[in-house]
Amino acid sequence: MQPRNMSMSGVVDLAAVKAAQEAKAKAEQARAEAARQGGGAGGAGGVSPADLVIDVDEAGFEQDVLQRSAEVPVVIDFWAEWCQPCKQLSPVLERLAVEYNGRFVLAKIDVDANQMLMQQFGIQGIPAVFAVVAGQALPLFQGAAPETQIRETLDQLVQVAEQRFGLTGLTVDPDAEPGAAPEAAPEMPAGPYDALLEAAVRALDAGDFGGAVQAYKNVLSDDPGNSEAKLGLAQAELLHRVQGLDPQQVRKDAADKPADIEAQIAAADLDLVGGHVEDAFGRLIQTVQRTVGDDRDAVRLRLLKLFDVVGGDDPRVAAARRALARALF
């Protein structure tokens, strides 16, 4: 079988996989909770290099692939013992999984033992390689592709996962025991930014949204991972953007000019401030579907900012991320 490129724009329908949507929403919540606590699969202690290559079957697919894909891209290698090209490709993928050091996880699926998964992915021949990112499946390539092509495809996958979904991969600890749960993060003392964070809150309460934005940025300039400042900044920027807007005019513009991305973005901001979360998300996802190029990217980036305002553990954000992925791919 000759290697055949498969477009990154194709999306496999995973509706047939049991509870795929529910699993994705739970994974989003678990990821957000782990991030708040400093733990998770990529948290303190990290994972072993051996955990970057796993065997997956139908029973474990939901947890090992779908849920895991909310944290890190999962590359799936469909193979069989009798397949000679598989014996050429699989060792290359396994080596690259370790070399990429947690940027993706390789899941190996024996098609002879997992016929249902083979059918659900619509596989006509093996080896076949797919990826699952944030619950969405992407065909990568089929056949024993050359390593240069594989590297290019993996680089593109990692970039898409990070830029569009914020998935930066797992932390790998070479001393960790394979399969061991990561150590819990030690309880940290109060950080050095309490005064700045309190000042930002006071600015928000006083309606000084520009001052709050600057206060949060001051924290993040020294501590980019400060989750409280990230959330506060997203909220303060939203309030600052809508300050002084005429709601009636904004909504009229959005209704009269459906192709005007600035009008739709402003209306989505107002929707969110008014508590209409799903309306805000839906408006921007529909705008993404209607736009291309720089306009589409501007709408996507604003939607990601609104996700930050609501928080990744909100099931409405999880649902909107899936809808955004469908719109983009």
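The model is a predicted one. Across the protein the mean pLDDT is 80, with 80% of the residues reaching 70 or more. Residues 1-28 have a pLDDT below 50, and the model shows 70 contacts for this stretch beyond near neighbours in sequence.

- Strand 3 (residues 74-79) runs antiparallel to strand 5, and 5 bridges join the two. In this pairing, Asp77 has Val129 of strand 5 as its bridge partner.
- Strand 6 (residues 136-142) is also antiparallel to strand 5, with 6 bridges between them. Here Val133 has Gln136 of strand 6 as its bridge partner.
- Strand 5 and strand 6 form a hairpin with 2 residues between the strands. In this hairpin, Ala134 takes a positive phi near 50°.

**Aromatic rings**

- The whole structure contains 6 aromatic pairs.
- One of these pairs is Phe61 with Phe121, which is edge-to-face. The ring centres are 6.0 Å apart, and the angle between the planes is 80°.
- Phe61 belongs to helix 2 (residues 61-67), whereas Phe121 lies in the loop between helix 4 (115-120) and strand 5, so the pair ties together parts that are 60 residues apart in sequence.
- Both Phe61 and Phe121 are buried.
- One aromatic cluster is formed by Phe61, Phe78, Phe121 and Phe130.

**Disulfide**

- The structure has 1 disulfide. The bond joins Cys83 to Cys86, with an S to S distance of 2.4 Å.
- The torsion about the S-S bond of Cys83 and Cys86 is about 80°, so the disulfide is right-handed.
- Cys83 counts as buried because its relative accessibility is 3%, and the cut-off for buried is under 20%.
- Cys86 has a relative accessibility of 2%, so this residue counts as buried too.

Key:
Residues numbered from 1 in each chain as written. Predicted model: local features only at pLDDT ≥ 70, side-chain atom pairs only at ≥ 80, totals over all residues. Heavy atoms only, no water. pLDDT = per-residue confidence, 0-100. Contact = heavy atoms within 4.5 Å. Pairing = 2+ DSSP bridges. Helix = DSSP H or I, 4+ residues; strand = E, 2+ residues; numbered from the N terminus. Phe/Tyr/Trp six-rings, centres within 6.5 Å; stacked < 30°, edge-to-face > 60°. Buried < 20%, exposed > 50% of the residue type's maximum accessible area, 1.4 Å probe, protein only. Disulfide = S-S within 2.5 Å.
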